[in-house]
Amino acid sequence: MRDFVYTWVRPILLYALVVFFLVWTVAPVTWIAIMSIQPEINYVAVPPHLSLEQVSLRWYIEMLSQPDVVDSLKNSVIISGVTTVVCLTFGALAAYPLARLNIARKNLFLGISVFARMIPSMVLIIPMFLLMRQLRLLDTYLALIIVYTAFLLPYVIWMLKNFFEQIPYALEAAARMDGCSRLEALFRVLIPVAGPGVVATAVFTFVGAWNEFLFGLILSTRYSVPITVKLSALVSTTFQSDNSLVAATGMLAIIPVVLLVFVLNRFIVRGLVEGIKY
Amino acid sequence: MSTSTNASPPPRAGFWQRIDRMEANRFGLLLFVPTLLLLLVFLAVPITFAVVASLNSIELTISPDWSFVGLQNYADLLTNRSVVEALPRTLYFAALTIALSVSLSLTLALVLNERFRGRDLVRVLVLLPWAVAPVVSGVMWRYMFHDRYGLINALLYGGGFITQYVTWFSDPWFALSIASIATTWKSLPFLTLTLLAGMQGIPESLFRAAKMDGASIFHRFRYVVLPHLRSILIFITVLQLIVSLQAFDLIYTLTRGGPGQGTVVLNYLTYVNAFERLSDGNASALAIVVSLLIMSLSALSLSLMARQGKR
């Protein structure tokens, strides 16, 4: 009985589950990928008849020739990129004393960053809108960069603190003996040694900023519209038009981050796990 | 490693040296200052504002006047029809999301913890939904279940299970269930990774001992794996409750709250009240109630993780 289970039931069940989870994971993406390279008439048909001859990139070309779509992709790159740089700089500075120095009030600082992680964005949306209006920052990159940094920084501090704590103190002590100042030890020893963790944190921040939607929707109207908001606008205005265009835009919105995640996947798995550790 | 401070002009060198010789406490505080300022101005101030706004009657688009009404906005929530109607929807959505995501992530983690050919590739592939923005995930699942060109309809029709395409989104409970499925899809990679990390913390010797005692694969799961994962499973449950209470982006592109108000869950209602009905005081009160719920749940989940970490 047990041999039967081990030679037949277990592998069959295992591979069936593997296939199920692969299909479950890729099906939604595959479906919009197919929609984005096929004329609508093909998938509207009952049942759909997809044809290899009619595969075409013209929906991508059409979207990429619309200046506002290109602009929103550019906006997302700039906003997410700057947010990542700012978060990592502020985050490294704040994580260093939390990981290394035996300072009083350390728990207070830790508490502040934990508390900041818990705040849901919906409660801040009205005040943030009014605040940004007061600062005359509505519809600017700066507004979104500030908001995303405020939301992501507490996570960044935690992740970097966890990575810094894994580095043996002796490394840093040696650098200090060689005449490094504390800040130099941070930037020349701790950050390079924690390299993979820093990469993971950077990807986490970039993806978080790229995928944000609510603040983008409320704080930008024309010039700083990110791709997520542009896509949602297309969804609600294209009820009558070509859905291949919406599908192509959806693909454009995920391709950069999906590539990033696949290329750097080894770092990310470790980073995500470290990021939630306390 | 010669220091760049030596190369700098004297006044600057003095400044950096003074910082370096600073007592540890003050040095740490100094490094925390940029973060502290940012969080103060862009988190603490807005929160205070939201609390104050919730105690006032405000309709900013009509007039800039505020009138203090105390807890009236909160009392109104109890009798507000749209809030009362959103409650069962939110509960159903949260319950289904938790059930789906906990069971599926546990299964996937168990699968990925086994040895099989191609495991490394599968482990990378299943990360995919983590990278996909919730709005895009909403669009994807809208197209999966679309009444005219949804893949689900095409497959069911092709398999002979239905004779006519189903209009899934015209039924509010179907629509909510699809929102649950899409939310589960999006959160599965993270939950699975968390569980996998927990499983890898189980000492190999425990398995060997159980095997020697003749424990079957199911017994080993029940008596070795499950007890080890208990706090992570509770953490995941709380996390998905938080995710359900915060649902907005995905529903915005999946259904826009429809059919009718059929998928307007609590957090979505805050948005509707603030930006479509323009009742800011009311929206703030609702947002704060939901936030208090979320924050107490977050505190709970964090303490669970802390306990897990210490083991």
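Begin by selecting helix H4 of chain B, residues 72-79, where helices are DSSP runs (H or I) of at least four residues, numbered from the N terminus. In this predicted model, Asn73(B), Tyr74(B) and Leu77(B) of that helix are buried, meaning under 20% relative accessible area with a 1.4 Å probe and protein chains only, while exposed means over 50%. Because these three cover an arc of only 100° around the axis, they lie on the same side of H4(B), the arc being that of the directions from the helix axis to the C-beta atoms. The face turned away from that buried side carries the exposed residues Leu78(B) and Thr79(B).

Next, show both chains together: 104 residues of chain B are in contact with 101 residues of chain A (heavy atoms within 4.5 Å). About 9,200 Å² is buried between the two chains, with carbon and sulfur atoms giving 80% of that area, which is the accessible area (1.4 Å probe) lost on putting the two parts together, summed over both.

Then select Glu114(B) and Arg10(A), whose side chains meet in a salt bridge at 2.4 Å, N to O (a side-chain nitrogen of Lys or Arg within 4 Å of a carboxyl oxygen of Asp or Glu). Helix H3 of chain B, residues 24-54, supplies 19 residues, the largest share of the side of chain B that touches chain A.

Finally, select Phe215(A), which, leaving aside neighbours within four places in sequence, is in contact with residues including Leu124(A), Met128(A) and Phe151(A).

Residues are numbered from 1 along each chain as its sequence is written, and chains are lettered from A in the order in which they are written. Local features need pLDDT of at least 70 and side-chain atom pairs 80 or more, whereas totals for chains, interfaces and linings use all residues, and side-chain values use heavy atoms, leaving out hydrogens and water.

Methods:
Helices (H or I, at least four residues) and strands (E, at least two) are DSSP runs, numbered from the N terminus.
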